[in-house]
Amino acid sequence: SLGGKAALWELFRSSRPSMRLYVTLCAACPYLASILTSHPGMIDELMDSLLVDILPKADVLETMLADLTRGAEDLDPILHSFKNAQHLRVGVRDILGKDDIRHTHASLADVAETCIHQISHYEHDKLLQKFGRPTIGSIADDAEVSDELRERFAQREGQPCELVILALGKLGGREPNYHSDLDLVFLYEADGSTFFHGRGSGYSTSNSHFFSELGQRIIRTASR
């Protein structure tokens, strides 16, 4: 896979530490080695990871992925490439002992959260075009809620209904490994219906249907 990368062999010839790193990576980490053999161009990502003092934080990752996906019609190849590149960076620093286990887990959590955020925004925007924006409805008179909660929702009736994605398990504890499942719970604020502001080509539906469809789409894309 790397046969055409003459610069790589020149690097190995002139830098024994680089060759030792690559041999160690291939011997100790089949997962990371498979990323390199499947995507030979990521050797540049491998070298970049050695030049930075620290890995990018979550806000930087968010900006990077947002720029990569701006205007994209298909997220899958971009997300795969982004995740592989970031895992390679984290893994190389892990092998070299540049980061302790706590920082390694935290960096992997940041990568996972960044991907989930981008998937969520992408699928949410697509559903907005189809169903309109979910809004908070009124609480039924027979609903068993406190007066304080009823008053709070009365003040927000008709305003946008928001979604929270709650991470459990290893992601929730910010300690996933490279292959951890992502345990997620989807919560939306209140019942109500969707509403088109201005002209819309779709049709209104209930908040429960909107967010159920959104959750399924997020899980389906993340699973791929």
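Residues are numbered from 1 along each chain as its sequence is written, and side-chain values use heavy atoms, without hydrogens and water. In this predicted model, local features need pLDDT of at least 70 and side-chain atom pairs count only at pLDDT 80 or more, while totals for chains, interfaces and linings use all residues.

**Helices**

Helices (H or I, at least four residues) and strands (E, at least two) are DSSP runs, numbered from the N terminus. Helix α2 (residues 16–28) packs against helix α6 (residues 76–96) at an angle of about 105 degrees, and their axes are 11 Å apart. That makes α2 roughly perpendicular to α6 (a label for angles of 65 to 115 degrees). Axes are lines fitted to C-alpha atoms, for helices over the stretch in contact, with angles from 0 to 180 degrees between N-to-C directions. On the α2 side L21, T24 and L25 take part, and they meet L88, V92, I95 and L96 of α6 (contact means heavy atoms within 4.5 Å). By class, this contact of α2 with α6 has six nonpolar residues, one polar and no charged ones. Ala, Val, Leu, Ile, Met, Phe, Trp, Tyr, Cys and Pro count as nonpolar, Asp, Glu, Lys and Arg as charged, and the others, Gly among them, as polar.

Helix α7 (residues 101–131) has 31 residues, which at 1.5 Å a residue should span 45 Å; its end C-alpha atoms are 44 Å apart, which agrees. The expected span is 1.5 Å times one less than the number of residues. Just after α7, G132 takes a positive phi of about 90 degrees.

**Cavity and pockets**

On a 1 Å grid over the protein atoms alone, a cavity is a set of points where a 1.4 Å probe fits but cannot get out, and a pocket is an open set with protein on both sides within 12 Å along at least five of seven lines; lining residues have an atom within 4 Å of a point. Grid points are joined across faces, edges and corners, and a volume is the space filled by probe spheres set on the points.

| Space | Volume | Lining by class |
|---|---|---|
| Largest cavity | about 50 Å³ | five nonpolar, two polar, two charged |
| Largest pocket | about 640 Å³ | 15 nonpolar, seven polar, four charged |
| Second largest pocket | about 230 Å³ | six nonpolar, four polar, two charged |

α6 and α7 each supply at least two residues of the largest cavity's lining. For the largest pocket, α7 gives the most, with six residues.

Methods: Parallel < 35°, antiparallel > 145°, perpendicular 65-115°, else oblique.
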